[in-house]
Amino acid sequence: MKLFLNTEDYAVSGEQFQLFYDHETDMLVTKPQPNNLDQYYNSVDYISHTDANKSVFDKLYQNIKRISIRNKLALIANKKATQKNLLDVGAGTGDFLLAAKKRSWNVFGVEPNSSARIRAEEKGITLLKSLEELPEIKFNVITLWHVLEHLPDLNQVIQKLYTLLEPNGKLLIAVPNYKSYDARYYKNFWAAYDVPRHLWHFSRNTIAKLFASQQMKIVSINPMYFDAFYVALLSEKYKKSSFQTFKAFWVGLYSNICAFKTKEFSSLIYHLEKE
C-alpha cells in the first residue's frame, strides 16, 4: 500500500495517523489502528453517543439528524418486507430505531458503547452490545448509518451481515466518500477522515468490490446532501479559520454542485440486495 495522506485526530487525542491507499479495493486504510479504540470515543464532543445539544455544532447535528431520520424512514418504507424485521448496527442512542418502531417495524439494534445503550434504554429501545448477541432470526432490512468505517473486522462483519439477511433482503450503508470535493479541498483537515475512529475510507468502487464477494449487488446510491455542510463546518473548526460558518457553507454548497456531475457526494447511501 502507498502512503496517501498524513493527518491527525483533531477531535480527541491530537495523535498523528497515516492513510494508505489500497489499490485492490480503491480504499484508504488508517494506520496505526489502535488496539484500545474505545478510549478515542471517550469525549463529550462525540455527539452520536451523548445526544449533546449545547453548542452550535451540537444543535446543527441534532437538526440534521432529525431530517436524516425522516429520510431514512422513507428509504426503508420503500422496501417491500413482509415481516418488517429491522436491524440497525451502530444504533447510537436509538433515535432511528425509536422512529422505526413507531412505524410498526420489529426493531433490533447493536451498539458497543455502554453510555449510548443506556440513553437508548431510557427511550424504550434495548440495544445489544454485539452482533453475536442477536436472536436467531433473519432480517428484511439491515442498516449501518456511518458505522462500517468504524468496524475493525471489516470482512468478517460483511460476511455476518450476509448471513443475517433474508433472501432478497436489503442492506443500507451510509459512509463518507473520500473522493468528494470537500475531501479534496480540506485534505488532512477533512473531518470525515476522523482518525482513528474511522479505520477505512470508502469510494464507490470500494463498496462494490467488498460486497460483490458476498454475492450482494448495489441496487442504487443516494447522496447525503447535508453531510457536505456539516463536515465542512467541522473541518473549518479544525483549521481554526476565520469566518468558519461562511466558508463552510460555500465549500459544502460547491461540493454538492460538483457532485451533481461527478456523483462524488460527501457521503453516500448504498442500497445493496442479497442475491
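This is a predicted model: local features need pLDDT of at least 70, side-chain atom pairs count only at pLDDT 80 or more; totals for chains, interfaces and linings use all residues.
Trainee: How many aromatic pairs does a search of the whole structure find?

Mentor: The rings considered are those of Phe, Tyr and Trp (its six-membered ring), and two of them pair if their centres lie within 6.5 Å; planes under 30 degrees apart count as stacked, over 60 as edge-to-face and the rest as tilted. With that criterion applied to the whole structure, the number of aromatic pairs is 16.

Trainee: What is the geometry of the aromatic pair that Phe 17 and Tyr 40 form?

Mentor: The centres of Phe 17 and Tyr 40 are 6.4 Å apart, and there are 75° between the planes. As planes over 60 degrees apart meet the criterion, the pair of Phe 17 and Tyr 40 is edge-to-face.

Trainee: Where in the chain do Phe 17 and Tyr 40 lie, and how many residues apart are they?

Mentor: Helices (H or I, at least four residues) and strands (E, at least two) are DSSP runs, numbered from the N terminus. Phe 17 belongs to strand 2 (residues 16–22), while Tyr 40 is in the loop between strand 3 (27–31) and helix 1 (56–77). The pair thus links distant parts of the chain, 23 residues apart.

Trainee: Is Tyr 40 buried or exposed?

Mentor: Buried means under 20% relative accessible area, exposed over 50%, and partly exposed in between (1.4 Å probe, protein chains only). Phe 17 has a relative accessible area of 4% and is buried. Because its relative accessibility is 4%, Tyr 40 counts as buried.

Trainee: Why is the pair of Tyr 185 and Tyr 186 edge-to-face, and which residues form one aromatic cluster with them?

Mentor: The ring planes of Tyr 185 and Tyr 186 stand at 90° with the centres 4.8 Å apart, so the pair is edge-to-face. Tyr 185 is partly exposed at 38% relative accessible area, whereas Tyr 186 is buried at 2%. The residues that form one aromatic cluster with Tyr 185 and Tyr 186 are Tyr 181 and Tyr 254.

Trainee: Over the face of which residue does Lys 274 lie?

Mentor: A charge sits over a ring if NZ of Lys or CZ of Arg is within 6 Å of the ring centre and within 35 degrees of the ring normal. Lys 31 lies over the face of Phe 20, at 5.6 Å from the ring centre. Lys 274, at 4.3 Å from the ring centre, lies over the face of Tyr 162.

Trainee: In which sense do strand 2 and strand 3 pair, and over how many bridges?

Mentor: Two strands pair if DSSP finds at least two bridges between them. Strand 2 and strand 3 form a hairpin with 4 residues between them, and Asp 26 in the turn has a positive phi of about 55°; Leu 19 stands opposite Thr 30. The pairing is antiparallel, over 5 bridges.

Trainee: What is the bridge partner of Leu 28 in strand 8?

Mentor: Strand 3 is mostly covered, with 4 of its 5 residues buried. It runs antiparallel to strand 8 (residues 200–201), and 2 bridges join strand 3 to strand 8. In strand 8, Leu 28 has as its bridge partner His 201.

Trainee: Which element supplies the largest share of the lining of the second largest pocket?

Mentor: On a 1 Å grid over the protein atoms alone, a pocket is an open set of points with protein on both sides within 12 Å along at least five of seven lines, a cavity is a set where a 1.4 Å probe fits but cannot get out, and lining residues have an atom within 4 Å of a point. The second largest pocket has a volume of about 190 Å³, a volume being the space filled by probe spheres set on the points, which are joined across faces, edges and corners. Helix 1, strand 9 (216–223) and helix 7 (225–239) each supply at least two lining residues. The largest share, 5 residues, comes from helix 1.

Trainee: What is the volume of the largest cavity?

Mentor: The structure holds 2 cavities of 30 Å³ or more. The largest cavity is lined by 14 residues, among them Glu 8, Tyr 10 and Tyr 238. Its volume is about 60 Å³.

Terms used
Residues are numbered from 1 along each chain as its sequence is written. Side-chain values use heavy atoms; hydrogens and water are left out.
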